[in-house]
Amino acid sequence: MYKITVVSGDGTGPEVMAEAKKVLNKTAEVFGFKLEYKDELIGGIAYEKTGTPLPEQTIKTAKDSDAVMLGAVGDWKYDTLPPEVRPERALLGIRKALDLFANLRPAIVWEDLVSSSPLKPEIVSNVDIMIIRELTGDVYFGEPKGVEVINGKKTGFNNMIYNEDEVRRIAKVAFETAMVRDKKLCSVDKANVLDVSRLWREIMIETSKDYPEVELSHMYVDNAAMQLIRAPKQFSTIVTGNIFGDILSDEASMLSGSLGLLPSASLSDKGVSLYEPIHGSAPDLTGKDIVNPIATILSGAMMLKYSFKMDEAYKTIENAIKSVLSDGYRTKDIMSEGKTLIGTKQMGDLIAAKIK
Ligand code: IPM
Ligand code: MG
């Protein structure tokens with residue numbers, strides 16, 4: 001029996017979460033384990049009901065559970081709220097509160113979806129990249145930050161900052177991950193300009209001494225952004241800081257054709273990890289039964305793999321998804337000629353039905 005905190009959030013978050021639970025429940029039934037869900041509030045909906053986007057109660061329940069599943073947060077209607085209570089703040093808050101420092105964002109291109117990518121098939125077929133994004137440091141959390149009047153001018157500032165321990169622990173996750181993949185690790189930084197990147201690179205090199213089998217390379221972030229499009233197959237495991245990882249992972253999602261396909265795992269070394277799709281809440285699509293639930297379903301599968309060490313259950317869900325896609329079913333975001341267009345719920349039903 002595993003206790004799961006479910007924070008579905010805003011927009012299409014609840015819709016995709018419902019499908020992920022459907023698939024997880026079927027998997028639990030087939031594999032003989034139990035999942036107990038507890039719903040908590042996060043994001044705009046939490047702000048509306050409690051005055052804060054990340055209530056204490058949510059953190060308390062999360063800390064007391066075995067894993068957290070998150071849908072998405074945000075809506076344009078909250079865009080005018082002060083920064084401290086904006087829904088996005090809850091994401092940063094829960095990452096910090098649970099110390100979710102390692103964000104794993106796989107970008108995998110499945111054979112059946114090669115044509116959904118805006119890039120040429122020969123460039124994207126067989127792409128399988130794991131982006132490891134540091135998630136609790138960098139310019140996202142660095143102090144000082146703010147907007148102040150300095151020398152008579154309104155001035156905005158943030159601080160891009162990492163200490164050696166923060167870099168070392170993400171480096172360790174990255175090298176361990178590379179070890180179970182094909183032992184190639186590319187560290188992305190901006191060490192030609194930024195001091196913080198020079199330290200990053202130094203610690204990556206230092207850590208590589210403990211992993212002599214892993215081939216470590218370094219790439220500047222601007223070049224990496226270009227290479228991801230030019231020749232994505234050169235990458236296997238990428239490790240990078242919070243802001244570069246934010247940007248590169250969105251870019252990498254387009255290799256696979258849709259943001260709606262990519263899951264993520266945010267891991268802590270304290271036990272409770274969090275799983276969420278990398279896409280946002282897509283408020284314009286809410287309630288229309290058209291969003292793709294695959295990213296959230298795969299996030300649930302990652303939970304089974306990383307939090308509960310159920311590799312086989314993970315594989316079973318992944319294969320179920322592949323099989324539904326190869327049967328020709330598509331949600332709108334990945335629809336192409338000759339395929340069968342289906343909605344969010346039907347995608348969940350079909351995937352669940354394949355789990356046996
Ligand atoms: C992500 C998102 C968040 C981030 C935002 C919504 C705060 O873009 O998870 O990638 O920048 O980390
Ligand atoms: Mg992002």
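Reader: Where is Asp99 found?

Author: In this predicted model, Asp99 is found in the loop between α4 and β4, the latter spanning residues 102-108.

Reader: And what is phi of Asp99 near?

Author: Phi of Asp99 is near 55°. That is a positive value in a residue other than glycine.

Reader: Let me turn to ligand 1. Which residues surround ligand 1?

Author: Ligand 1 is surrounded by Glu88, Leu91, Arg95, Arg105, Arg133, Tyr140 and Asp246.

Reader: Which helix gives the largest share of that shell?

Author: Helix α4, residues 87-97, does so, with three residues in the shell around ligand 1.

Reader: How many residues of the shell are nonpolar, polar or charged?

Author: Two are nonpolar and five are charged, while no polar residues are present in the shell around ligand 1.

Reader: How far is a polar side-chain atom of Tyr140 from an oxygen atom of ligand 1?

Author: The distance is 2.5 Å for Tyr140. An N or O atom in the side chain of Arg105 is 2.9 Å from an oxygen atom of ligand 1. For Asp246, an N or O atom of the side chain is likewise 2.9 Å from an oxygen atom of the ligand.

Reader: What percentage of the accessible area of ligand 1 does the protein cover?

Author: On its own, ligand 1 has 320 Å² of accessible area, and the protein covers 75% of that.

Reader: Which pocket does ligand 1 take up?

Author: The space taken by ligand 1 is the largest pocket.

Reader: Why is ligand 1 said to lie between domain 1 and domain 2?

Author: Ligand 1 lies between them because both domains give residues to its shell. Domain 1 consists of 1-103 + 258-356, and domain 2 of 128-254.

Reader: A change of topic: is the peptide bond from Glu143 to Pro144 cis or trans?

Author: The bond from Glu143 to Pro144 is cis, with omega near 0°.

Reader: Where does Pro144 lie?

Author: Pro144 lies in the loop between β5, residues 128-134, and β6, residues 146-150.

Conventions. Residues numbered from 1 in each chain as written. Chains lettered and ligands numbered in written order. Predicted model: local features only at pLDDT ≥ 70, side-chain atom pairs only at ≥ 80, totals over all residues. Heavy atoms only, no water. Near = heavy atom within 4 Å. Polar contact = N/O pair within 3.5 Å; in protein donor to acceptor, adjacent residues only side chain to side chain. Areas by Shrake-Rupley, 256 points an atom, 1.4 Å probe, with all protein chains shown as cover. 1 Å grid on protein atoms, 1.4 Å probe; cavity = no way out; pocket = protein on both sides within 12 Å on 5 of 7 lines; lining within 4 Å. Sits in = over half its atoms within 2 Å of the grid points. Helix = DSSP H or I, 4+ residues; strand = E, 2+ residues; numbered from the N terminus. Nonpolar A, V, L, I, M, F, W, Y, C, P; charged D, E, K, R; others polar. Domains from an automatic or database assignment.
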